[in-house]
Amino acid sequence: MMLVRALGLSVLVLLSACAPIVAADAERPLKPKTGAVASAHPLATEAGLEIMSRGGNAFDAAIAVSAALGVVEPYSSGFGGGGFYLLHRVSDNLYTMVDGREKAPLSASRDMYLDADGNPIPRLAKDGVLAAGIPGMPAALVHLSQKYGKLPLATSLEPAIRYAREGFEVDKRFIAGVTFKKDLLKTSMAADVFLLNGEAPPPGHIIKQPLLAKTIERFATGGLDGFYKGKTAKRIIKGVNEAGGDWSQADFDQYTVVEREPIYGTYRGSRIISAPPPSSGGVAIIDALNILEPYNIHEVDGVRRKHLVVEALRRAFRDRAQFLGDPDFVDVPTERLTHKFYADGQRASIRLDRATSSDSLPGFQPEDEGQHTTHFSVLDADGNRVGGTQTINFWFGGGYMVPGVGMLLNNEMDDFSIKPGVPNGYGLVGAGANEIQPGKRMLSSMTPTFVESDLGVAILGTPGGSRIISMVLLGVLERIDGANAEQISAKPRYHHQYLPDSITYESDAFSAEEVQGLQDLGHTLKESSRKYGNMNTITWDYAGNKVISGADPRGVGLAKIRVY
Ligand code: DON
């Protein structure tokens, strides 16, 4: 507070100034009594509801949704990729994150994507088997089932196996992705599964994946060994090595899921629970919220609010580049970066009348947008929650489908910093903390998050590479303003990530006056040519004990409520 005063901000923050309608404590329901699932694909949402109706809890349902997404959204995530699962279990008030992020293979080395002159070899970290990390999603699902589920793993995986065997109908999103990545898919047997005569299939075409069905069945019955040992592991190792990679059984033996303590923060009376490293999201969001807290951005005009959010993001992303990496390999100063005093220091360089130039910040560029990944939210009638974000990185990962396994491998290696200061596919820069080492997890932006306040609870997250962080931050701020799941998912978006020093925005995110106002402050603005993100959200409001499930209108997902 003193610092704020020293900055000359005469109007001090009234933490109660932002006060959505809330239920009095006496009226606060203990359980939602309603379940809900929101995911990026209707069949995945139905899979979750099916498992709930068969007696499963939120964790069983999350396994069903996660696995189904891996089958019906093969461009976004899958068994050849990884994910983060943020959990809340009501019975013992547990909060944890199951980290099923991929790991660098043991043969990986710091400069593996550089040529003899030390220059990055184009696309080596993006396409084919050299771009892949050791998959983590199967291990995460087994872990979720064994430790948190009520039903056998094989039951929770039934819908996914069925979708793989009987097929799913392609939709416009699938067709767009296949059209975009046709040439990459033709580099492996993926073309036989996803293309029709070498072209994107027409709407309504059914894609069957019998090999994948068998692969899922093997770990449905065999558990961890059903994927990381035996037939599946052997076939993956053979396929990868024949395609020019260097994997061995030791890579699969060293893969373990890690449960990590989430990142906690507070903001104007709300509690935020989010993804810890190796996600950069939780740290960045709590840091940004801490920077923003003393400004009452909930009661200022649009230009000032957006200016301050951008300045907070600029500083949080700068620290991402500098400090964040796999906490099993590097010391991430999480406590410091999420401390209110640290934010006080960062706030000191923010001016209300002018944009900061990123170059003027201590320390430390972009292109492609709209690659893939997927987020789902689950709530059960007891109030157990799962926020899951999972990925194979870009559309169809590295495009390599393993023979005999029918599963695409990820291209997550591009999330490492392949050379200090060289931007990855999301324009993100990094340094030593996120350099490649054997067995290390690459830094992620995936940010499944819970918001708890007097209003109730929200579960949110989204794909979108580096933009995940700004989307989740905006979602949290909307929730603080009282928005429900549908409103949060639909809200127009804008983004800043320190470098490049410009604001990207959806066309309807700013009014003409706001565009002008932000430019007058010295910001560079770039209107995005399309919408981005796919935020699938659930809110449970204590007032009226109301659960709302919201699928992102930009996508083809489905949000549903289950009444018991
Ligand atoms: O883990 C990460 O940060 C990225 N691999 C996520 C990729 C992503 O969100 C692509 N989405 N459009």
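The model is predicted, so local features need a pLDDT of at least 70 and side-chain atom pairs count only at pLDDT 80 or more, while totals for chains, interfaces and linings use all residues. Residues are numbered from 1 along each chain as its sequence is written, and side-chain values use heavy atoms, with hydrogens and water left out.

Helices and strands are DSSP runs numbered from the N terminus, a helix being a run of H or I of at least four residues and a strand a run of E of at least two. Helix α3 covers residues 58-72, and its end C-alpha atoms are 20 Å apart. This agrees with the 21 Å that its 15 residues should span at 1.5 Å a residue, where the expected span is 1.5 Å times one less than the number of residues. At the start of α3, a side-chain oxygen of N57 comes to within 3.0 Å of the backbone nitrogen of F59. Further along, S66 has its place in α3, and with a relative accessible area of 0% it is buried. Leaving out residues up to four places away in sequence, S66 touches Y85, M137, L141, F376 and Q390, where contact means heavy atoms within 4.5 Å.

Helix α4 (residues 137-148) has twelve residues and reaches 16 Å from its first C-alpha to its last, close to the 16 Å expected. Nine of the twelve residues of α4 are buried, which leaves the helix mostly covered. Helix α18 (residues 467-480) gives another case of agreement: its 14 residues should span 20 Å, and its end C-alpha atoms are 20 Å apart. Here 14 of the 14 residues are buried, so α18 is largely enclosed by the rest of the structure. After α18 comes G482, with a positive phi near 100°.

A381 is found in the loop between β9 (374-379) and β10 (385-391), and it counts as buried at 16% relative accessibility. The C-alpha atoms of A381 and V563 are separated by 8.3 Å, although the two residues are 182 residues apart along the chain. Not counting residues up to four places away in sequence, A381 touches K31, P32, K33, T34, G35 and Y564. One of these, K33, is in the loop between α1 (2-6) and β1 (34-39) and has a phi near 60°, a positive value in a residue other than glycine. K33 counts as exposed (over 50%), at 58% relative accessibility.

Another positive phi, of about 50°, belongs to N197, which is not a glycine. N197 lies in the loop between α9 and β5 and counts as exposed at 78% relative accessibility. E199 lies in the loop between α9 and β5 (206-207) and counts as partly exposed, at 41% relative accessibility, a class that falls between buried and exposed. The side chain of E199 makes a polar contact with the side chain of K182 at 3.1 Å. A polar contact is a pair of N or O atoms within 3.5 Å; within protein, one must be able to donate a hydrogen and the other to accept it, and residues adjacent in sequence count only if both atoms are side-chain atoms. S188, in the loop between α8 (182-185) and α9 (190-194), is buried at 13% relative accessibility, and its side chain reaches the backbone oxygen of G399 at 2.9 Å.

Two cis peptide bonds can also be described. The bond from P277 to P278 is cis, with omega near 15°, and P278 has its place in the loop between β8 (270-274) and α14 (281-292). The bond from L499 to P500 is cis as well, with omega near 0°, and P500 lies in the loop between β13 (494-495) and β14 (503-505).

Key
Buried means under 20% relative accessible area, exposed over 50%, partly exposed in between (1.4 Å probe, protein chains only).
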